[in-house]
Amino acid sequence: FHVSIRHSDESTWNAVFHPNGDMIASVEYGSGVYVWDVETGQELKQITPPVDCSRACTVEFSPDGQLL
């Protein structure tokens with residue numbers, strides 16, 4: 001299975017699937033966290049993290065998918 005995420009010229013550092021497989025969350029260097037619809041490729045949400053992600057940042061869904 002292959003998914004390509006290209007949002008900007010920034011680097012995507014980490015990407016994870018939602019437990020039900022319908023969304024992907026990604027972290028982009030310097031710009032934040034994005035949530036994507038797997039089927040359409042549409043950006044659903046942008047989240048500005050409370051910390052500087054110019055170093056290493058990661059994202060993960062909780063097992064029940066309620067938290068990111």
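## Nonpolar core

The largest nonpolar core of this predicted model consists of 6 residues: A25, V27, V33, C57, V59 and F61. Such a core is a set of buried Ala, Val, Leu, Ile, Met, Phe, Trp, Tyr and Cys residues joined through side-chain atoms within 4.5 Å; buried denotes under 20% relative accessible area, exposed over 50%, and partly exposed the range in between (1.4 Å probe, protein chains only).

One member of this core, V59, has contacts (heavy atoms within 4.5 Å) with N14, V16, A25, S26, V27, V33 and L68, leaving aside neighbours within four places in sequence.

## Secondary structure and surface

The protein contains 4 strands and 0 helices, giving the pattern β-β-β-β along the sequence. Both element types are DSSP runs numbered from the N terminus: helices are H or I with at least four residues, strands E with at least two.

Of the 68 residues, 26% are buried. The protein exposes about 4800 Å², of which carbon and sulfur atoms supply 49%; accessible areas follow the Shrake-Rupley method with a 1.4 Å probe, and for residues only the protein chains shown count as cover. Among contacts between residues at least 6 apart in sequence, 31% join residues at least 24 apart.

## Residue S62

S62 lies in the segment after β4 (43-47). Because its relative accessibility is 15%, S62 counts as buried. Not counting residues up to four places away in sequence, S62 touches P19 and L67.

## Basis of the values

Residues are numbered from 1 along each chain as its sequence is written, and side-chain values use heavy atoms, with hydrogens and water left out. Local features need pLDDT of at least 70 and side-chain atom pairs count only at pLDDT 80 or more, whereas totals for chains, interfaces and linings use all residues.
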